[in-house]
Amino acid sequence: MSSHRVLLLAHGSSDPKWCETFEALARPSLDAIPEAAIAYMELSEPSLASEIARASRDGIEKVTVLPLFLAAGRHLRKDVPEMLAQLSARHGVITELAAPIGEHPLLAESISQIAKERLKN
């Protein structure tokens with residue numbers, strides 16, 4: 001068993017259609033990476049808190065939280081770091097907050113490819 005897990009973090013929504021879209025987006029990562037899981041910051045399950053608790057029960061030592069956000073707003077600058085600090089202390093798991101995927105150049109390239117595809121249609 002790995003001692004490092006990656007959590008794909010989304011905001012969450014009370015709309016089940018939104019959650020289905022997010023879960024479809026996360027599926028390739030979940031299928032390809034044995035120690036990957038999804039979590040929601042609020043409004044949906046599994047919550048960030050429940051996934052950090054599960055990681056602790058599974059013997060995971062470190063969790064990297066990869067926000068599936070386009071940019072770092074208040075949630076990623078304030079709310080999530082505070083949540084992670086509390087959860088780390090409570091469950092004895094090291095947590096790391098990665099930059100949001102919107103800052104990664106591969107996402108910009110993917111958006112460009114989608115835009116080009118739309119122009120062709």
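Me: How do you know what volume the largest pocket has?
Reply: Its volume is about 520 Å³, where a volume is the space filled by probe spheres set on grid points joined across faces, edges and corners. A pocket is an open set of points on a 1 Å grid over the protein atoms alone, where a 1.4 Å probe fits, with protein on both sides within 12 Å along at least five of seven lines; lining residues have an atom within 4 Å of a point. The lining of the largest pocket has 18 residues, with L25, L68, F69, I101 and L107 nearest the centre. This is a predicted model, in which local features need pLDDT of at least 70, side-chain atom pairs need 80 or more, and totals for chains, interfaces and linings use all residues. Residues are numbered from 1 along each chain, and side-chain values use heavy atoms, without hydrogens and water.

Me: Why is E51 called buried?
Reply: Buried means under 20% relative accessible area, exposed over 50%, and partly exposed in between (1.4 Å probe, protein chains only). E51 has 8% relative accessibility, so E51 counts as buried.

Me: What makes the contact between the side chains of E51 and R54 polar?
Reply: A polar contact is a pair of N or O atoms within 3.5 Å; within protein, one must be able to donate a hydrogen and the other to accept it, and residues adjacent in sequence count only if both atoms are side-chain atoms. The E51 and R54 side chains are joined at 2.8 Å.

Me: Which label does W18 get, buried or partly exposed?
Reply: W18 is at 32% relative accessibility, so W18 counts as partly exposed. F22, at 5%, counts as buried.
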